[in-house]
Amino acid sequence: MAENNKDPDDEARSSYDLEDDLVQEVLKGGTDLRQYSKEIEKELQDVENLSIQDCIREAENVASLYNQIASCDNILEQMESMLVGFQTDLGSISEEILSLQRKSVNMSQQLSNRQSIRGSLSQFIEDMTVSESLITGIMESPVTENEFVNNLEVLNHKISFVKEQSFKDTKACSDVKDILERLKVKAMTKIRAYLLEQIYKFRKPMTNFQVPQNNILKHKTFFEFILANERNIAEEICSEYMDTMSKIYYSYFKSYSSRLKKLQFDENPTKDDLMGVEDTASRGLFHKSHLKHRGTVFSIGSRGEVLTSQLEAPIIVPHTASKTKYHFEALFRSEQYALVDNGCREYLFLTEFFKVKGAQALDMFNQVLGKTLNLILKNLQSFVDSSYDAIALFLCLNLVMRYQLMCHKRVVPALDKYWDSINAIIWPRFEYIFRMNIQSIKDCDPMKFPKETGPHYITRRYAEFSAAMIGVGEGFPCEGATQLLAELREAVQCFLLRMAAIFSQRTQQLVFLINNYDLVLGVLMERTKDNSKEAESFREQLNARSAEYVEEILSPHFGGIIQLVKECEVLIEKGQLEDLKRQEGKALGLVQSFTNTWKRALEEINREVLKSFPSLLLGNSLVQRAMTQLVQYYHRFHKILPANVRPQLTNIHHIMVEIKKYKINY
């Protein structure tokens, strides 16, 4: 039972003891364990006694150590007490800090709220308060001084502010409403008197109305104040201004137009001054001749300068130009430029001073200048109805396009309807006169004209007129004018063909056509660009007729060679060599004839051509063209000749040297 109740720890310890080296040695040596145990106990007793003696010897040190430990224990106890107290104090401080933080946040919010309220309240009080300086500035200062202008801005702000606050039922409004109303009435009274005074200055004779107009514009805030506070007075000022300026513009342009009219040429084109009317036409015994001025009807000369250098030139001053006469388009330009200048400035003034735009601005502009515009249109209609000057009318149409573009660049659309009205007046008359000229050419009877192969005066008229129309229209193409020019070109070309038909010889017909085509082309090339349809058409006609003329003048002298070359080339092309050989005898005769006569023939051709064409440049070019054509035929003639005949031909270099004698350098 005892063995069964052994402690597991004892068993483990015994097992450990058995494993000890000393125990193992004892067991191996056969030592008596009881004796060994006693020895061990005796050793332990000795050690214990020694330890006791050591303790007795160290008793004082141990007592001192004990006292020190007790002292340390007291100190630690005191420190513990202090730390506990410090911990308690820290907890209290933390709570106080949190409390102060909450109070700080609340105070900061309160300060922000008070500052916000203070700013709004201060601004409210400032906007609501009417100061002595404001009252004095409005009541006593002249309207033109800066003090009044500055106080007026302040007053306008306060009136608007009080009006806004009154909608919110702010009680403070009742305290200042009456005094602001009295100040407003006083300010409007002074402003109304000043503006009407400036407007009345326009009515003084010989007054430059731009000066008071600029003075008013400097104080455009006056009208803004009246418009914002009393529309009845604003309408009164608008009405007074529009009525005054309407009369001023009407009077100015009525006088200016009548004085300009006296500067126009006394002799104007009539229905007899048409392109197809004969110079020798009878006009009655007492009819005043227009022949010396006929050129200005169809040629433009320097009149086109109204569209370039004179477009924005100073207007004509009638009393300084009383001895100078002008074409209608120059007077028209001056009047329209004056209208553009005044109209644009007036429109911009209305929009800036009266604060209007869109339809309202156009309506005010029409009330100011409508009567004047109707007067100008009426005077224009009077001239146009009796005019036969197509160039003047076309220049006026182009002036309108340029001035309308000028108005658009100045951002002034107010004159657009006016420009449309001018076009509606001028264009039908221009087209009517243009078609009269076309019809006059169609109605021409070629038999009434002398048989002369030189340039016809109708051709010269057409060349000058078409060059004028094309030159004026460059940059501003007009489809209607282009169509009319095409009809006129066709009518003139048909007339030239009918005129050429009166000549019995084809050479004379060609000379006539070439002279006239060259005249037209020369004028067009000199005064217009090279790419016009008119120039292209007459260039084609000139080239075709020149080629035919060269064949005609070569034929009497070298017709046999030309005919033989053409026939033989056909035979060669068809391969009919037998027929070609039968032409050798004829070719030999032509070679002999050519050798004997070619120099004389060249002289006759040169003389005949130069005699037929007044233009030396044209004549020389045709001579050179004929010589070139002859050389080409000569080369072809050389190719078709048999080898045994070719040496008999004149050397081509001799011919070329001779031809160079007829070349003239300009």
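This is a predicted model: local features need pLDDT of at least 70, side-chain atom pairs count only at pLDDT 80 or more; totals for chains, interfaces and linings use all residues.

Reader: How many helices and strands does the protein chain have?

Author: Helices (H or I, at least four residues) and strands (E, at least two) are DSSP runs, numbered from the N terminus. By that count, the protein chain has zero strands and 23 helices.

Reader: What share of the residues of the protein chain is buried?

Author: Buried means under 20% relative accessible area, exposed means over 50%, and partly exposed lies in between (1.4 Å probe, protein chains only). Of the 666 residues in the protein chain, the buried share is 39%.

Reader: Among contacts with a separation of 6 or more, what percentage comes from residues 24 or more positions apart?

Author: A contact means heavy atoms within 4.5 Å. For the protein chain, residues 24 or more positions apart account for a share of 77%.

Reader: Are helix 12 and helix 13 roughly parallel or roughly antiparallel?

Author: Two packed helices are described by the angle between their axes and the distance between the axes. Axes are lines fitted to C-alpha atoms, for helices over the stretch in contact, and angles run from 0 to 180 degrees between N-to-C directions. The axes of helix 12 (residues 328-353) and helix 13 (residues 358-385) come within 10 Å and cross at roughly 175°. Angles under 35 degrees count as roughly parallel, over 145 as roughly antiparallel, 65 to 115 as roughly perpendicular and the rest as oblique, so helix 12 and helix 13 are roughly antiparallel.

Reader: How is helix 10 oriented to helix 12?

Author: Helix 10 packs with helix 12 at about 170°, their axes being 11 Å apart. Residues that meet there include Tyr 241, Met 245 and Tyr 249 in helix 10, and Leu 331, Ser 334 and Glu 335 in helix 12. The angle makes the orientation roughly antiparallel.

Reader: How many salt bridges are counted?

Author: Side chains of opposite charge can pair when their charged atoms come close. The rule used here asks for a side-chain nitrogen of Lys or Arg within 4 Å of a carboxyl oxygen of Asp or Glu. The count by this rule is 17.

Reader: What separates Arg 57 and Asp 54 along helix 3?

Author: Their side chains form a salt bridge, at 1.9 Å from N to O. Arg 57 is exposed at 57% relative accessible area, and Asp 54 is partly exposed at 35%. Because Arg 57 and Asp 54 are three residues apart in helix 3 (residues 33-57), the separation is about one helical turn.

Reader: How many residues apart are Arg 192 and Glu 236?

Author: The side chains of Arg 192 and Glu 236 meet in a salt bridge of 2.6 Å, N to O. This pair links distant parts of the chain, with Arg 192 in helix 7 (residues 173-201), Glu 236 in helix 10 (residues 231-261), and a spacing of 44 residues.

Reader: Which residues make up the salt-bridge network that includes Arg 303?

Author: Asp 389 and Arg 303 form a salt bridge with an N to O distance of 2.9 Å. Asp 389 is buried because its relative accessibility is 8%, and Arg 303 is buried at 6%. Salt bridges with shared partners join into one network Arg 303, Glu 329 and Asp 389.

Reader: Which residues does Thr 459 touch, beyond those up to four places away in sequence?

Author: Thr 459 lies in helix 16 (residues 457-473). Thr 459 counts as buried, because its relative accessibility is 0%. Beyond its sequence neighbours up to four places away, Thr 459 touches Leu 496, Asn 516, Leu 519 and Val 520.

Reader: How far apart in space are Ala 390 and Ile 433?

Author: Ala 390 is in helix 14 and is buried, with a relative accessible area of 3%. Ala 390 and Ile 433 are 43 residues apart in sequence, and their C-alpha to C-alpha distance is 6.3 Å.

Reader: What accessible area does the nonpolar patch with Leu 90 have?

Author: Patches are made of residues with over 30% relative accessible area and no salt bridge, like charges being joined within 9 Å and nonpolar side chains (Val, Leu, Ile, Met, Phe, Trp, Tyr) within 5 Å. Accessible areas come from the Shrake-Rupley method with a 1.4 Å probe, and for residues only the protein chains shown count as cover. Leu 90, in helix 4 (residues 59-128), is partly exposed at 43% relative accessibility. Together, Phe 86, Leu 90, Ile 93 and Ile 97 form this surface patch, with an accessible area of about 380 Å².

Methods:
Residues are numbered from 1 along each chain as its sequence is written. Side-chain values use heavy atoms; hydrogens and water are left out.
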